[in-house]
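Subject: Structure handover

Hello,

Please find the sequence and structure below. My notes on what was found follow directly after.

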Amino acid sequence: MKVASLLDRRRAQWNELERLCGAMENRGRTDGSGPPEHRGARGIARFSSLYRSACADLALADAYQLPPATVAYLHQLVARAHNQLYRAKKFNPSSWVDVVFREAPQQIFADPCVRVATLIFFGLFSLSMYLGYNETMFPGFASAMVGSEQLDAVEEMYEEPLSGSLDHYVQMAGFYINHNTGIGLKCFAYGILILPCVFILAYNAISLGTIFGYMAREDVTGSDNFFHFVTAHGPFELTAIALSAAAGLRLGIGLFRTGGLTRSDSIRLSAQKAIPIMAASVVLFVLAAFTEGFLSPSPAPYLFKAGWAIMSSGMISFYFVVLGFPSQTRSVGYFSKQTIDWDSDTEGVPDPLATDPLATDPLATGPLATGPTKGVIDAT
């Protein structure tokens, strides 16, 4: 067989692959109006098969020095098909709903760093609050933890009832956004070294818990005003601090425990896992800042603020626990593995990425491998 006849035989498949590439480039999917083998799942299976064949043809053409025009054409064809095979995932609103409300909460719920940070923060916060409140059993605990001067300052701060003006609310919202973001960034930044992050997290938990417990005493000045102020935004803010630390710890774990990867790859993978945790923390910080700036200092009834706190606590629990509880569905998510945006009708089709055609011996898998190809070429 001569080269001309061999190329003619292969040209039909190259043209077919060109048509599929054109359809995927123009419409982002296989040729829905073409022949049945080009539609839906069958089209994708056909595309992957033709791509592997073209790779084998290209390797053979290079090895046997076929006409330069043919080699250049195959290079271009394989590159087009490769770009479609490994193309970036397009923005799809429905897929992002799935990412935000299924994959992200499940990944956050399953992350051990989130559990450790949450346990440290809320455990020490609750314990310190109890010790700071019970002066009879633990005399001097509150003063020893945060200092008498700070306790006096807190009492003085909340002596007067809350009655801020609208201008005051706007200014305070901006201040609290900046202040809360600083807390979150500090917890996140120290997380890369793990121990400083744990120390900052524990310090904030003990300080806040002690002040909460101290201000809950009946003989303390400004107790009612204090809880009038902190009740509404407390759930958002406390949860955001714990999540910031968890995101930082996730990065730190990636730095010190590589799991066989290079250190840079391990950090990159950990950073990818930390994205949903930090994003959730940022959202909670923003909600806490607006609540703290507009609702907490307002003279609104305490029942309304308590109702807001209960609602926000319910939202947090629903998102991180109910939505995050492991399900029986597919667990591979956007944050753990970037995948190609194949058509929705690819179910049941073997993943063409499962075997990289360029990584295999093209002569062993390509259609030209069948038959005495070397002898055919040499005969020309």
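Which residues of helix 3 are buried? Before the answer, the ground rules: this is a predicted model, in which local features need pLDDT of at least 70 and side-chain atom pairs count only at pLDDT 80 or more, while totals for chains, interfaces and linings use all residues. Residues are numbered from 1 along each chain as its sequence is written, and side-chain values use heavy atoms, with hydrogens and water left out.

The buried residues of helix 3 are Thr70, Val71, Leu74, Leu77, Val78, Ala81, Gln84 and Leu85. Seen down the helix axis, they fall within an arc of 150 degrees, so they line one face of helix 3. The arc is taken from the directions from the helix axis to the C-beta atoms. Buried means under 20% relative accessible area, exposed means over 50%, and partly exposed is in between (1.4 Å probe, protein chains only). The face turned away from the buried side carries the exposed residues Pro68, Ala69, Gln76 and Asn83. Helix 3 covers residues 68–85; its 18 residues should span 26 Å at 1.5 Å a residue, and the end C-alpha atoms are 25 Å apart, which agrees. The expected span is 1.5 Å times one less than the number of residues.

Gln84 counts as buried because its relative accessible area is 9%. Leaving aside neighbours within four places in sequence, Gln84 is in contact with Cys21, Met24, Glu25 and Phe47. Contact means heavy atoms within 4.5 Å. Arg42, in helix 2 (residues 40–63), is exposed, at 53% relative accessibility. Not counting residues up to four places away in sequence, Arg42 touches Pro36 and Glu37.

For the protein as a whole, there are 15 helices and 0 strands. Both are DSSP runs numbered from the N terminus (helices are H or I, at least four residues; strands are E, at least two). Of the 380 residues, 43% count as buried. Among contacts between residues at least 6 apart in sequence, 79% join residues at least 24 apart.

The largest nonpolar core has 50 residues, of which Met215, Phe226, Leu243 and Phe320 touch the most other members. Helix 11 (residues 234–256) gives the most to this core, with 10 residues. A second, separate core of 19 residues includes Phe47, Tyr51, Leu77 and Leu85. A nonpolar core is a set of buried Ala, Val, Leu, Ile, Met, Phe, Trp, Tyr and Cys residues joined through side-chain atoms within 4.5 Å.

Leaving aside neighbours within four places in sequence, Phe320 is in contact with Pro105, Ile108, Phe109, Leu243, Ala280 and Leu284. Phe320 is also one of the buried residues of helix 13, with Lys305, Ala306, Ala309, Ser312, Ile316 and Tyr319. These cover an arc of only 160 degrees around the axis, which puts them on the same side of helix 13. On the other side, Leu303, Ile310 and Val322 are exposed.

Lastly, confidence. The protein averages a pLDDT of 79, and 77% of the residues score at least 70. Over residues 336–380 the pLDDT is below 50, and this stretch has 64 contacts in the model beyond near neighbours in sequence. The score is the predictor's confidence in each residue, from 0 to 100. Where pLDDT is low, the predicted coordinates should not be read in detail.

Regards
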